[in-house]
Each structure stands twice: as structure tokens, then as C-alpha cells.
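This report goes through a structure with its sequence alongside.

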2 protein chains.
Amino acid sequence: MNYRDTRAGELTREDAGRTVQLAGWAARIRDQGGVMFVDLREATGVVQVVIDPASHSQAESLRREFCISVSGEVSLRPAGSENPDLPTGEVEVVVSELHILSASQALPFQLDERADVDELVRLRYRYLDMRRSRVAANLRARSVAVAAMRRVLTEAGFLDIETPTLIKSTPEGARDVLVPSRLQLGDFYALPQSPQLFKQLLMVGGFERYFQIARCYRDEDFRSDRQLEFSQLDIEGSFWGRDDVLATIEAVMVAVARDVRGVELATPFPRLTYQEALDRYGTDKPDLRFAMEIADLSDHFAATEFNAFASALESGGVIRGLNVGAAGLSRSGLDALVDDAKQAGAAGLVWMVVEDDGSLRSPVAKFLSADEQAALMEALAGTPGDHLLIVADRARIAAEVLGRFRTRFGSPEGHDELNFLWVVDFPVFEETPGGELVAAHHPFSAPVDVEDMATSPATAIAQAYDLVLNGSELGSGSVRIHDPDVQQKVFEILGISPDEAERRFGWFVEALRYGTPPHAGFAVGIARLVSILQGEPNIREVIAFPKTQTGVDPLTGSPSPVDDHQLAELGIALRPEVQAARDEAAGSGAD
Amino acid sequence: MNYRDTRAGELTREDAGRTVQLAGWAARIRDQGGVMFVDLREATGVVQVVIDPASHSQAESLRREFCISVSGEVSLRPAGSENPDLPTGEVEVVVSELHILSASQALPFQLDERADVDELVRLRYRYLDMRRSRVAANLRARSVAVAAMRRVLTEAGFLDIETPTLIKSTPEGARDVLVPSRLQLGDFYALPQSPQLFKQLLMVGGFERYFQIARCYRDEDFRSDRQLEFSQLDIEGSFWGRDDVLATIEAVMVAVARDVRGVELATPFPRLTYQEALDRYGTDKPDLRFAMEIADLSDHFAATEFNAFASALESGGVIRGLNVGAAGLSRSGLDALVDDAKQAGAAGLVWMVVEDDGSLRSPVAKFLSADEQAALMEALAGTPGDHLLIVADRARIAAEVLGRFRTRFGSPEGHDELNFLWVVDFPVFEETPGGELVAAHHPFSAPVDVEDMATSPATAIAQAYDLVLNGSELGSGSVRIHDPDVQQKVFEILGISPDEAERRFGWFVEALRYGTPPHAGFAVGIARLVSILQGEPNIREVIAFPKTQTGVDPLTGSPSPVDDHQLAELGIALRPEVQAARDEAAGSGAD
């Protein structure tokens with residue numbers, strides 16, 4: 001059976017007079033005195049079809065979202081009834097044959113309204129949600145984006161190589177997702193957090209340009225923008241360095257932005273060092289669609305008599321300020337900022353409002369000299385109405401607190417600009433609140449200077465870089481360590497004992513001992529990128545079948561219980577307390 | 001640091017006189033009286049570089065597979081020392097600067113020899129195995145193949161949509177690979193055996209053309225050509241039927257064969273029905289690179305007095321014969337065939353050898369009339385020396401036994417031809433040895449005739465089809481059921497109770513109730529296809545990091561034990577007997 005010979009969305013006035021066969025869904029049905037007007041929707045678009053119920057016995061049963069096939073003649077719509085909002089709005093198809101291919105029961109929600117459907121309901125009926133233009137457009141954009149990525153890299157000579165997804169568990173960073181092995185009872189695979197070590201092995205193996213759109217897994221407590229599984233564009237190359245990686249990723253982004261958004265990005269993307277980014281914007285992923293820079297005021301208060309400032313400077317801290325503009329906050333609104341700053345770890349926050357006469361209104365204004373006030377006004381370019389926020393604290397705290405306020409007060413809404421930015425020169429390590437050193441990126445990034453790393457690990461710089469788009473981290477990469485001795489040194493600084501390093505990474509360090517080429521790479525989160533390109537606040541909107549924040553798929557009901565004999569085959573059992581809790585829940589459910 | 005400005009494999013005599021910088025590996029080192037000749041190998045090929053050890057202090061330490069960077073002038077090789085086997089064999093590079101980028105310890109096996117390295121050793125050092133031309137060429141071919149697939153489908157308007165890999169366990173066919181959930185303690189995800197139901201939901205959702213290269217998982221007892229995880233090209237479309245699917249897959253295969261092998265495939269591929277394939281070739285995946293057809297001899301023996309034949313016919317069986325040619329088997333070799341046939345389930349096997357005078361030598365010849373012998377000779381086109389094999393049994397047994405002998409005696413070796421074939425009209429169900437009906441393909445394939453399926457399920461034909469290449473099944477597909485009532489009927493025939501159907505597939509059958517379009521699709525195993533294109537007998541050769549038949553990765557040592565606290569977080573524990581066995585093994589290991 002043929003269902004159609006013409007695509008509904010492509011009909012124009014040029015087609016008038018043609019007899020066509022169309023197939024799709026009855027998106028809207030309007031019965032107007034013995035004539036039915038049906039919006040027939042399919043992947044290419046919508047066209048109006050006109051049905052005379054007297055001639056078509058099936059017409060009476062037709063309801064919204066029935067799947068139909070129609071034949072008929074394309075006609076110009078009567079003058080005055082054209083629909084300029086519809087690409088096919090000048091024509092309609094007068095139906096001579098109608099087939100209902102498939103009926104639909106009543107819908108759980110209306111498909112033609114974007115708003116106001118609870119997300120859980122949308123996910124429960126994702127296959128209906130997909131018929132709405134929003135999800136359809138998002139998944140279409142995602143397909144276009146990955147096609148562009150692959151095209152650019154294939155043309156540049158990269159090989160698309162699949163790495164395994166049932167791998168060895170080498171816990172680092174996030175929790176591994178574990179998979180019990182049936183053939184090796186008691187042993188487990190892990191699903192990969194990234195293809196990191198395998199792509200490095202591909203470099204050892206002599207594949208000099210690799211890419212993959214790789215499925216990765218992280219068992220974290222879900223945040224709104226994380227999923228248990230996600231995909232990343234993963235690249236790696238040998239005999240190249242940072243700038244080669246950056247140029248390659250820029251070429252990919254140019255193609256993606258062109259194909260998805262129709263815009264031409266200017267390259268090279270601007271670069272900031274990690275330190276600059278923190279100092280000027282209070283974050284390692286600044287949104288540069290707006291300026292609002294943090295100013296260092298320490299020098300202006302070097303001789304201050306204001307105790308809070310003086311003692312911060314004495315103990316090696318800084319004084320930094322941010323002009324968030326004329327935000328129009330009340331006294332209580334301003335005081336609430338102080339609480340926010342304290343919650344973020346700061347000892348306090350000083351707020352000042354610039355009065356119409358240029359004077360400063362603030363609980364602490366009286367403690368500052370006229371010179372100090374003038375310097376502050378100048379450094380922060382204060383104008384009447386502006387709110388000035390000042391933190392005197394350790395540099396890291398000052399950056400974090402002011403960075404948050406910058407984002408809160410500065411971020412543009414409904415803003416189409418794409419602001420790409422490289423942040424480079426990340427530290428090798430970062431300190432946990434407990435004072436331990438952990439890998440800032442991952443333990444395979446090369447330090448700029450090995451000696452320096454050994455003597456001053458806490459401040460050593462890595463050849464590591466992030467790509468930031470509109471204030472979101474899109475991805476990160478680094479030049480990798482290709483010297484096995486340097487790799488061992490990093491493990492040592494991280495407090496990984498030689499035994500533990502051998503157990504977790506021995507196979508990898510051994511591989512480095514066979515003539516490993518210098519190499520470097522990058523990974524970009526696909527959903528994050530596409531969600532920003534599509535103006536979607538949540539990555540779930542660009543995933544075909546996402547899970548909720550608790551890892552549940554409301555459509556299929558996964559995860560779900562399995563029979564004990566399946567677990568027995570895998571050599572595992574539920575823990576007694578888990579089994580008991582389930583039995584109890586099942587029991588109370590039966591009451 | 002720049003490592004190179006020129007690719008080694010691209011140097012020709014035109015480059016003579018140029019100063020170039022190259023990077024790669026020292027594949028061979030020949031020290032000839034104070035001059036070192038090094039084959040520098042990188043991804044594009046090999047070039048000879050000439051090093052004067054007197055001028056380069058590092059030269060002395062240079063060993064095979066060291067990673068190096070050299071600068072030097074391209075020179076024509078002295079007359080008579082050109083290497084015509086090497087694309088760069090007319091030139092060499094006289095090294096003025098040598099940098100050892102990375103040393104290599106002694107290799108566990110020689111990289112320049114293809115044969116004779118144990119596969120376990122190759123997998124243990126896969127990153128070295130990859131430097132050999134065989135694995136390198138295979139993974140390159142695989143990358144080219146998937147790029148061709150994606151290009152053809154993207155140009156044809158298919159959307160690349162990712163489906164989830166942490167899904168609901170709906171046991172069918174192979175065992176699910178299970179993944180314990182941490183956020184829903186006691187529940188499990190499954191890794192997908194295929195994206196089948198999700199791609200059908202995408203059709204319900206209005207995406208009319210979908211493709212994905214999808215990672216799939218099957219926890220079977222490994223056969224030599226199966227892996228726990230594998231990738232398939234997965235497509236699905238709405239408002240189309242079988243022939244549209246076949247044409248699309250043919251276009252994909254044409255592009256793949258062109259890009260990987262440089263050959264033009266003729267289309268359309270030939271088609272056989274399932275029944276024809278079984279009758280004529282004894283298998284549903286016949287290798288048509290050679291003829292050797294099975295002949296039905298039943299009519300010729302309708303009135304036979306030979307008991308074994310007569311009783312087979314009486315009980316509804318068939319008599320079929322195969323001429324396997326002049327195989328030159330001895331009497332004991334021929335008798336061994338009888339044993340093979342019995343092991344395959346046949347009551348027996350009749351062999352006959354055509355003598356030089358045209359008479360038949362066989363233990364049973366004396367029971368056959370002259371007419372019967374003549375008919376048999378004609379039907380099997382016997383010529384002197386030919387071995388004729390005859391089975392009198394149920395049709396299924398006769399097909400299976402003769403199909404195996406056909407493959408054994410007919411399959412060509414080292415044969416470059418690509419013989420694609422469609423096998424269509426598969427049955428909806430097949431009978432297990434126990435007499436149960438199971439889905440021949442999967443329970444979502446549409447029957448040709450719903451009435452017929454309901455009344456005669458055992459013989460009903462499905463709109464299902466396989467693609468066969470050189471006797472291997474590359475993939476399969478079908479027109480799907482889009483009517484929820486037909487879907488329920490299939491579950492019913494399969495003996496899946498309404499309750500069980502609801503629990504396992506309720507969410508899916510519900511989706512079918514919302515105006516599901518007619519749809520059809522296909523899936524192609526990537527590794528199988530590429531292994532045949534590359535002439536590799538085993539799919540492990542076209543997988544970057546394959547596992548052994550027991551699911552072990554000899555490189556990383558996965559699967560591996562994990563800490564009990566990791567299991568505790570997942571609400572599971574090893575079964576006591578598994579734990580005990582491990583403890584005992586660990587204990588005896590410590591002795």
C-alpha cells in the first residue's frame with residue numbers, strides 16, 4: 001500500500017490543480033456546517049484538507065491525532081481565507097478519498113498548547129509530547145548538530161572509533177554505574193564516565209586523530225541539568241597541542257552554529273586564563289554577553305581604618321567590588337544579599353547604594369574616608385541608583401560570592417547571542433575544603449612545568465582548557481601526560497599509593513611505556529550545547545527519552561524490580577534490609 | 001612545540017630538496033656501518049629516514065617503537081636502493097635533527113609480523129596490536145563504513161536520534177544485561193538488546209525517518225562471533241513499507257561497499273523467500289557466491305521400494321539431494337558424513353559416488369531401481385567423481401543437514417565477491433523443539449494476514465526480511481504491527497498472558513493507541529558487515545577493544561571485583577555461595 005506521494009508541508013500555490021496523496025495526523029478538526037476542515041500535520045509541516053462528510057463515511061469518526069491518508073486535489077483557498085501564518089496557507093486539499101490508518105484514543109493533554117503541561121505527564125507520554133513543535137524542533141536540531149560535528153571531523157581526517165562501554169571500574173570523581181557480570185560471577189563492569197583512557201590508548205596505538213559521539217554515565221545525585229547517561233563529542237589527537245585542539249573545536253562549533261542557527265561565529269574565540277576569569281568575573285565559566293566586571297579594591301583600602309576591610313587584607317585576603325547596576329532593591333532586599341553571601345561562605349557583604357547626589361548610602365559608609373569612597377565610586381563606575389557590593393575575604397570566597405551576584409543581576413534573558421569563550425591554564429589540582437589535593441580536571445592532564453608541579457602542586461598550572469558558552473561549561477580538555485613517570489608523580493601528589501595506582505591504573509601506565517606520542521583532546525557535552533542553541537533552560541528538552549531527577553523513566557517505569565532468578569544468575573541478591581523495605585511496601589500496598 | 005609539518009606517507013620524489021619535520025614511530029632500525037636507516041611510521045604511511053649516529057647523541061639509544069620527531073632534507077634514494085613496495089620508496093629523509101619524544105620498553109611481540117601472535121597476547125597489548133597494519137586498516141575501514149551510512153541517511157532526510165541505554169528490563173530472546181539503580185534501591189535498569197521499542201515510539205511521536213548507530217547488549221553464552229556489546233545501524237520509517245526499507249538499506253550498502261572496497265554493487269539485490277531459501281539452499285542465509293542447489297527428489301521416489309525413502313514420504317517427509325561435487329572422500333570420509341547428519345538430527349544420510357562409467361557406488365544403490373538411479377543422476381546433474389548426498393526426513397531436517405553440507409563443501413575461500421541477498425517472507429512464529437511457538441524475529445513484526453495468523457499461526461507469514469552477505473546474516477527488519485489489537489493477538493499466540501503483557505509491554509501497547517502510523521525498519525550489525533568487507537573471519541578483528549568469549553578484557557582486567565561499600569550503595573550483595581567461592585579462591589591464592 002502507498003500512503004502518500006507528496007509531502008504536506010511542501011504544497012504551494014504552484015501545486016493547485018494537482019491530485020496528491022498525503023498522510024499524517026489530524027492536528028485540528030473544525031466542522032463548519034457540513035464541511036470539515038482538518039489540519040493535516042506530518043514531519044514537513046501542516047496543510048488544510050477539506051472533507052465533505054456526506055461523501056466519506058469514515059469522516060464522522062475522525063478525531064484529533066488520528067493517523068490518516070487522503071487523496072484529493074490541491075486548490076487555492078477562497079480569497080480572504082488564506083492563512084499567512086502557514087507556509088501552505090494559500091492552498092487546501094479537497095479530499096476525494098479518506099483512509100483512517102490508525103485511531104487515537106482521547107489525549108491526556110492538548111498538543112497544540114506549549115505551556116502548562118506538567119513535565120511528568122509530558123514524559124509519561126513522551127511520544128505525544130514529541131508531536132508538539134517544541135520537542136520535535138529540539139531533536140531535529142540535535143540531529144543537525146551531531147551531523148555537522150561528524151562532517152567537520154571526518155573531513156579533517158578524524159577516525160570515528162567506538163570504545164567499549166562495559167569497562168573496568170576505576171573509581172574517580174563521580175560514582176561508577178556498575179554492571180554485574182554473569183560469566184565472571186562476583187565481578188563487575190562499570191559503564192564509562194568518559195572514554196578517556198581508551199582514547200588515550202588509541203593514541204598509543206597510533207590512531208592520530210580520533211573522534212566519537214560517546215555515551216557516558218555518571219551516577220551522581222541528579223541536578224536539574226544532569227542525566228544518568230549523556231553523550232559527548234569526544235576527540236583526541238597525537239603530535240599536536242592545545243592550539244590545534246582549540247582550532248578543531250572552533251571549526252566544529254562554527255559548523256554547528258551555522259547549521260542549527262544559521263549564524264556565522266567569529267573565530268578564534270576569545271580566551272581568558274582561569275585566574276583572569278576568576279578575578280574579573282568570579283567564575284571559571286563567565287558569561288561574557290554582559291560586562292559587569294569585578295573590581296579589585298584592595299589597593300584603595302590598603303590604609304583603611306575600617307576594621308573588617310583592614311583585617312581581611314592583613315590575613316592575606318582581598319577586597320573586591322561589583323556594581324550590579326540600578327537593581328532597585330529595598331533595604332530588606334539588600335540585607336537579604338548579605339545573608340546570601342554568608343551562606344556562600346563569606347564573612348559578610350557590604351552593600352552601598354549611590355544616591356542622586358553621588359553620595360553612598362550604606363551601613364558602613366561612615367567608616368570609610370571620603371577618599372576611599374571616591375576611589376570606590378571611580379573603580380566601580382558608580383552612577384545614581386547603582387548598587388555596589390563589596391566582599392572582603394579570601395580571594396576564592398570573594399570571587400565565588402561576587403560571581404554569583406554577577407550572574408544573578410547581569411544575565412540577559414531571551415538573548416540570542418552565542419558567546420563562546422575559552423578558559424585556559426586551569427590549575428593541575430584543587431584543594432578540597434578539607435585541604436586535600438584532588439585533580440582539578442582529571443589526573444591525566446599534563447602540567448605546564450613538571451618541576452613546578454612537584455615543588456608547588458597547589459598552584460601548578462595544567463595544560464587544561466574549558467569551552468564556555470553563555471556562562472555554561474560546554475566541555476573541557478587538556479594536553480595529556482605522555483610520560484609514565486610524570487603520570488606516577490601525579491598519582492603520588494594525589495595521595496594514590498603505588499599499590500592503589502597499580503591496581504586501578506597499572507594497565508594504563510604500562511601502555512604509556514611503549515613509545516606514547518604527545519597527545520591532547522577535548523570533550524563537549526551534546527545536550528548542553530544543543531539546549532543553549534535552542535534556548536532551552538533544561539537539557540531534558542533536547543533528549544528524546546530523558547529520565548527524571550531521580551533516574552526514573554515515567555514512560556516505561558524503569559528502573560523496575562526483576563525476578564530473583566535473574567539476580568541469582570548474576571551471583572547477586574538484594575540486601576536483606578532493601579528486600580525487607582520492598583516487602584513492607586508491597587504488603588502495605590496490598591492492604 | 002611543533003612535532004611535524006609534513007606527513008611521512010605523503011612524500012614523493014617531487015619533495016626532494018625540501019626540508020621537512022616528521023613525527024612517528026621507529027618501525028625498523030638498520031645500522032649499516034655507521035649509518036642508521038630508520039623506517040619512520042605514522043598514520044599516513046612509512047618513510048625511510050637516515051641518521052648519522054656521529055651527529056646525533058640520541059641515536060644510540062633509539063630502539064624500535066620509540067616515538068620520535070625528526071627534521072631533515074628529503075633526498076632521492078641512491079639509484080638501485082629504491083623500494084618499489086613502499087609508496088615513499090623513491091625518497092629518504094636525511095636527518096639533521098632528532099628528538100626522542102617517548103621511549104619504548106621491549107615489545108611483547110614483533111609488530112611487523114602478522115601471524116603467530118596468540119590472540120590473548122594481542123588483546124592484552126591491544127594498543128600495540130593496533131600499530132600493525134591489519135587492525136589499523138580494519139578500524140579505518142569501520143570508520144569509513146559508518147561515515148558512509150550516516151551520510152546516505154542524513155542526505156535522505158533521516159534524523160539521528162539517540163535512544164536511552166538504561167531502559168526497562170523486558171526479557172525476551174537473549175538475557176538482559178542488568179544495572180542496579182542507586183536512587184531506586186532494589187530496582188534495575190537493563191541495557192538494551194536493541195532500540196526496538198524506542199524507535200517505534202519515535203514513529204508514534206511523528207519522527208518519520210530515524211536512524212542511529214546504536215550500542216546494544218546481549219548476555220548470551222559467547223560464541224566466537226558474538227560480543228556482550230555490539231553496535232547496529234538502526235533505522236525506522238513511517239508511511240512506508242518493505243520495499244522502501246530494502247531500497248534504503250541497498251543505498252547504504254552501495255555507499256559502504258564503494259567507500260570501503262571501491263566496488264559498485266548492482267541493485268536491487270536479489271530476493272528469495274524464506275521458504276525458497278530453505279528448500280533450495282537449506283538455510284535462511286544462503287551463500288550464493290556458489291550454486292550447489294538442493295534438489296527435491298520426492299517425486300522421483302514416489303513409488304520406491306526402498307524402505308527408508310518410502311517411509312519418509314509416507315510420514316509426510318521429503319527426499320532431497322545435494323551434489324557436493326568431486327570431493328574425493330574415502331569410504332570412511334563418506335561414512336563420517338552419515339554421523340554428522342545423525343548428529344544434526346537426521347535419521348540417516350545416503351551417499352553415492354558417481355563412477356567413471358556413470359554408475360552409482362553406494363551401500364543403498366542396490367535398493368534403487370535403474371529408473372530411480374537415472375532420475376537421481378539427472379536431478380543432481382551427476383558427473384563422474386561427484387558425491388551425491390541424500391536425506392529422507394522431515395523437510396526441516398533435510399534442509400538443515402543438506403544446508404550444512406552445502407556450506408562445508410561449497411564455500412569459496414579467499415573470495416573477494418560480495419554477494420548480497422534479501423530473504424523475505426519469514427514466518428511470524430517458529431516452533432521450539434518442545435512445540436512452543438516463539439516469535440521468529442521479534443513479537444512486533446506484522447503478519448501478512450491477521451486472520452491467517454489467528455487461524456494458522458504455525459505457518460503464518462510475516463512482513464519480515466533479512467539481509468544476507470556471503471552466507472552471513474547482516475541484519476533483519478520488518479513491517480511493524482501498528483494496530484494495538486493485532487499486537488495483543490500476537491502476545492496471546494505467544495502464550496504471554498494479558499497480565500504479563502501488561503506488565504512487560506503495557507506502556508508500549510498503550511502508545512500504539514494514539515494514532516500510530518504504519519511503520520517499518522531494519523537493523524544491520526556493524527562489526528559483522530565490516531568483518532566480511534575486510535575478509536576477517538572474526539568480528540573481534542574489527543572492534544577496537546573486544547572482549548574474549550568469556551567477556552573478559554585482557555587489557556584492563558575487567559570485569560573485576562568491587563568494594564562491598566559500592567555494592568551496599570546499590571542495595572545489593574554477592575550471594576553467600578559466590579562470596580564463599582571468591583574467599584576460597586583468594587585464600588588458596590595466598591597459600
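In this predicted model, helix H14(A) is followed by Gly535(A), whose phi is positive, near 65 degrees. The helix itself spans residues 526-533 of chain A, and seven of its eight residues are buried, so H14(A) is largely enclosed by the rest of the structure. The buried set consists of Ile526(A), Ala527(A), Arg528(A), Leu529(A), Val530(A), Ser531(A) and Leu533(A).

Is Asp221(A) buried or exposed? Asp221(A) counts as exposed because it has 11 C-beta neighbours inside 10 Å, and the cut-off for an exposed residue is 12 or fewer. Asp221(A) sits in the loop that runs between strand E9 (209-217) and strand E10 (229-238) of chain A. Gly551(A) lies 330 residues away from Asp221(A) along the chain, yet the C-alpha atoms of the two are separated by 9.2 Å.

The largest nonpolar core holds 319 residues. Leu389(A) and Leu389(B) are the residues with the most contacts inside this core. For Leu389(B), leaving aside neighbours within four places in sequence, the contacts are Gly321(B), Leu322(B), Val324(B), Leu337(B), Leu349(B), Trp351(B), Leu402(B) and Phe405(B).

Next comes the contact between the chains. Chain A and chain B each supply 98 residues to it. On the side of chain B that touches chain A, helix H3 (residues 133-155) of chain B gives the largest share, eight residues. The residues on that side of chain B divide by class as follows.

| Class, side of chain B touching chain A | Number of residues |
|---|---|
| Nonpolar | 54 residues |
| Polar | 26 residues |

Strand E23 (residues 572-574) of chain A and strand E23 (residues 572-574) of chain B run antiparallel to each other, with three bridges between them. In this pairing, Leu574(A) stands opposite Ile572(B) in E23(B).

How are the two copies related?

Technical notes
Residues are numbered from 1 along each chain as its sequence is written. Chains are lettered from A and ligands numbered from 1 in the order in which they are written. This is a predicted model: local features need pLDDT of at least 70, side-chain atom pairs count only at pLDDT 80 or more; totals for chains, interfaces and linings use all residues. Two residues are in contact if their C-beta atoms, placed from the backbone, lie within 7 Å. Helices (H or I, at least four residues) and strands (E, at least two) are DSSP runs, numbered from the N terminus. Ala, Val, Leu, Ile, Met, Phe, Trp, Tyr, Cys and Pro count as nonpolar, Asp, Glu, Lys and Arg as charged, and the others, Gly among them, as polar. Two strands pair if DSSP finds at least two bridges between them. A residue is buried if 20 or more other C-beta atoms lie within 10 Å of its own, exposed if 12 or fewer, and partly exposed in between; C-beta atoms are placed from the backbone. A nonpolar core is a set of buried Ala, Val, Leu, Ile, Met, Phe, Trp, Tyr and Cys residues joined through C-beta atoms within 7 Å.
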